[in-house]
2 protein chains.
Amino acid sequence: MLGALKYYLKQGLKQGLRRASDTFASRTARQLPPGYWGLAAHPQRGLTLGNVALHELLERHGSPLLVLDIQALKRNARQFVGDGTGGGLEVFYSYKTNPVAFSLSTLHQQGVGAEVISAYELWLALRLGVPADRIVYNGPVKSEASMRDAIARDIGLITANHAEELDGLARIAAEMGKRPRTGIRVSMSQGWSGQFGVPAGEALQAFSRARSLASLDVRALHAHRGGMIGSEAELTALVTEVLGLSDLLADRLGIELSILDFGGSLGTPSVGYPTATQRRLNRTLLRDLPAPDVTAALGIERYVSILTMMVGEHFARVSRPRPRIFVEPGRSMTSNTQLLLTTVHALKGAGDRTYAIMDGGINIAEPTRGEYHQLLAVNRINEPPSRVYTVVGPICTPADTLYPAARLPELSVGDSLCIMDAGAYFVPFATSFSYPQPAIVALDGDREILVRRAEQFEDMAARDIVRV
Amino acid sequence: MLGALKYYLKQGLKQGLRRASDTFASRTARQLPPGYWGLAAHPQRGLTLGNVALHELLERHGSPLLVLDIQALKRNARQFVGDGTGGGLEVFYSYKTNPVAFSLSTLHQQGVGAEVISAYELWLALRLGVPADRIVYNGPVKSEASMRDAIARDIGLITANHAEELDGLARIAAEMGKRPRTGIRVSMSQGWSGQFGVPAGEALQAFSRARSLASLDVRALHAHRGGMIGSEAELTALVTEVLGLSDLLADRLGIELSILDFGGSLGTPSVGYPTATQRRLNRTLLRDLPAPDVTAALGIERYVSILTMMVGEHFARVSRPRPRIFVEPGRSMTSNTQLLLTTVHALKGAGDRTYAIMDGGINIAEPTRGEYHQLLAVNRINEPPSRVYTVVGPICTPADTLYPAARLPELSVGDSLCIMDAGAYFVPFATSFSYPQPAIVALDGDREILVRRAEQFEDMAARDIVRV
């Protein structure tokens, strides 16, 4: 009884706060228009990409469904690779970000190489026909078998994640009578450190040690930053620090690096990172999460241009040959090239909000828990957003909440929702928790290609050897 | 430069705090002994289960590896099911918790039924030979096809997750000329609500509505609590509320329920939930996370005894026939019956701590991020815990940290660690992020059975239809 009283008092307080919040500030925030991703709002067919209505895709391929926009993927690749006339940088896609064979192959056809962090990804790149010299092998856990394989094939670059890895690499190379092109990962003052990289203060020591190992051809400084490069200031800070370290290596040790590998970490303009306060206001007062300001973000072309210019000018100034520039984009290459469609299975009323219970949740859309991803009502895109929905998935845990409060048009069972920017970390973080993983369809104008079939029940139990 | 200065000042402050912390309070906290799980510390062979040395299992089956203790599983099942002479409760294992066919079959042989929340799990239960009347179908997203299948087979119980689901269920049943045994999930004052259950205050209305639907045979009140039942007080509060609601249904609506379904939510004594402060002290001051007090926890037998006693006494007192009691244990049934073995791939020094880089991380051990799971040094179990390790996985993100600071014996590359209580939510939350999923070996005394083979590279790319 007392519990119930407390509950109602709390509810009343929240309601009051919401009304006050409505009075003093708008609860609705800017959203990105569908056109930002090249989607159109057809008066009858709802959201379309090219001439394909997304809602109709679900009828043909089932729900949930991932949709890859081949044109967007090629555009991103072109922005990174440029016209290929040199003077630019060399691009290696971070396989872990979205390891879908068709997508990877498309990137390789555009002149993008492979950045792999595991024996599986190395196997996949080779299987997709990537020439060994277009592969960079990174990561803290390289199995000995995969290192031997990489060295035997004269892989483009193999990067020691930490100083302790150099001896093992040198031993294997010596046993094989090989001298692999080797990089050393250095953790800079900003971004990740921990298990990743030699601390910048110990870099000279690590390079000196590496050079003393006769079976290693030490070529590269690897400076994947981690976190997110969202502004010019963050990019120039990183580049300045890397150039400084490269000068130091030349001056102190006489090491002229032939490769500077800047890793990845470039953000996707339309993916945001709401603050804890924004999340709380969204959850409790139903205040919209604001879409990120895409005009303020650092885009691919600007990133490429600043990076190549800074490196070029620096080496011209110090009169040393400019090293090759490697980049390893992940999310900036593919995040905005895939979208995720799910279907409203049920609607459950609950006071000031309605639960939209979808057929896909954190099992296939884990990144929505920490990131802003625009949500669009596929077949009601032309109707006004008049109701607040808590968008949840099919898994039996309250953690399976994709959007605590999203303002959408009035929904019905069978409607579909579209989560944008689902091309980074949606696929690798997917689980088969109670539900099979979705199919992936690629669209290229009017062409529609099933590039990954949906998981079947038989697949989910296929590794179980003992059955009754 | 200023950045570096700030960094060193911060490091110095932390060091000082650690020293002060050492002076005033012990940084080491209690751990559970291996014997708690029936493991023994063999002087030469390290940790053993039965006569099997865990370290040697990795040589035979590869690393990482999940190990299922069949004896422990049977013991837990017996504690729930009792001697089967009636008067007790009926047990349905929550499939989603650890959907491993061998483990499920073992439970079914012990008289445990199946609680399923998806079309896949229903398919799996039927495939494992579970009689339809030993299956309970719950969850917020039941596909129409799976509802038809369940109804056609006269499933034991189908539970409406929310009031809105009743009409659809009634329509399907009427079309099929069937009258399925139906329950309604009610969210009680403690535990989960949100997308789950009819609020307790609207339960009468929902049951009244359900009774008016001629094609539903309304039998059960379903009161899965969610969260964790860790004490007698929490259990008795739940049971009291459920009994009160059942009286209300009888008094007001004349509905005599034939089933009270208490769901799951019973905790596992050896799995803890560290506070935010404990986590922070662990991360920054390297203070051990304390193991939970297993003697204070509510065990299976006490849970069963309180539940059956309370329900029995209540219905004797009100002179109404006692309904059947259903429970749907998940973690309390299997958590402590599985362990996860991983291998040290590399060690990276970093000041006051050492990174132990393992071949398995959050890709296969997601629950360690929020829960306390005892960590044991398999082949060094008899050596003193003399060094603090940050135990991380192979995935290239700082989020792949299993233990920010764990006190372990001095480790070498190739050593193995054992994460205890890996039998709940480790398997369903597993991903194939860059690395294949591990095999599962079941041990029964000296018998060793491979019950799930490791994922192969080919499996990971098997659904990709377009290959270059």
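**Entry 1: a first residue**

Does B:Asp149 count as buried, partly exposed or exposed, and at what relative accessibility? I looked it up and found that B:Asp149 counts as partly exposed, at 27% relative accessibility; buried means under 20% relative accessible area, exposed over 50%, and partly exposed in between, with a 1.4 Å probe and protein chains only.

I note that this is a predicted model, in which local features need pLDDT of at least 70, side-chain atom pairs count only at pLDDT 80 or more, and totals for chains, interfaces and linings use all residues. Residues are numbered from 1 along each chain as its sequence is written, chains are lettered from A and ligands numbered from 1 in the order in which they are written, and side-chain values use heavy atoms, with hydrogens and water left out.

**Entry 2: salt bridges in chain B**

I then asked what B:Asp149 pairs with, and found a salt bridge with B:Arg153, the closest N and O atoms being 2.8 Å apart. A salt bridge here is a side-chain nitrogen of Lys or Arg within 4 Å of a carboxyl oxygen of Asp or Glu. B:Arg153 counts as partly exposed, at 45% relative accessibility.

I looked next at B:Glu144 and B:Arg148, whose side chains meet in a salt bridge of 3.0 Å, N to O. Both residues lie in helix 6 (residues 144–152) of chain B, 4 residues apart, which is about one turn of the helix; helices (H or I, at least four residues) and strands (E, at least two) are DSSP runs, numbered from the N terminus. B:Glu144 is partly exposed with a relative accessible area of 34%, and B:Arg148 counts as partly exposed at 28%.

I also found B:Glu410 in a salt bridge with B:Arg387, with 2.8 Å between the closest N and O atoms. This pair links distant parts of the chain, since B:Glu410 is in the loop between strand 18 (401–408) and strand 19 (416–419) of chain B, while B:Arg387 is in strand 17 (residues 387–392), 23 residues apart. B:Glu410 counts as partly exposed at 37% relative accessibility, and B:Arg387 is partly exposed with a relative accessible area of 32%.

**Entry 3: where the two chains meet**

How many residues of chain B are in contact with chain A? I found 77 residues of chain B in contact with 77 residues of chain A, where contact means heavy atoms within 4.5 Å. The two chains bury about 6600 Å² between them, 62% of it on carbon and sulfur atoms; buried area is the accessible area (1.4 Å probe) that two parts lose on being put together, summed over both.

Across this interface the rule finds 2 salt bridges, and I noted the one that B:Arg452 forms with A:Asp464, the closest N and O atoms being 2.5 Å apart. Several elements give two or more residues to the side of chain B that touches chain A, among them helix 4 (101–109), helix 5 (119–127) and strand 14 (338–350) of chain B. Helix 5 of chain B gives the most, with 6 residues.

**Entry 4: strands of chain A**

I turned to strand 17 (residues 387–392) of chain A, where 5 of the 6 residues are buried, so the strand is largely enclosed by the rest of the structure. Strand 15 (residues 353–358) of chain A pairs with strand 17 in the parallel sense over 4 bridges, and two strands pair if DSSP finds at least two bridges between them. The bridge partner of A:Tyr355 in strand 17 is A:Thr390. Strand 17 and strand 18 (residues 401–408) of chain A pair in the antiparallel sense over 5 bridges, and A:Tyr389 has A:Ala406 as its bridge partner in strand 18.

I also found an open sheet of 3 strands in chain A, with the order 1-2-3 and antiparallel pairing. Strand 1 (39–42) and strand 3 (52–53) of chain A stand at the edges, each with a single partner strand, so one side of each is left without a neighbour in the sheet.

**Entry 5: a glycine in chain A**

I ended with A:Gly46, which is found in strand 2 of chain A and counts as buried at 3% relative accessibility. A:Gly46 touches residues including A:Ala40, A:Val378 and A:Ile381, not counting residues up to four places away in sequence.
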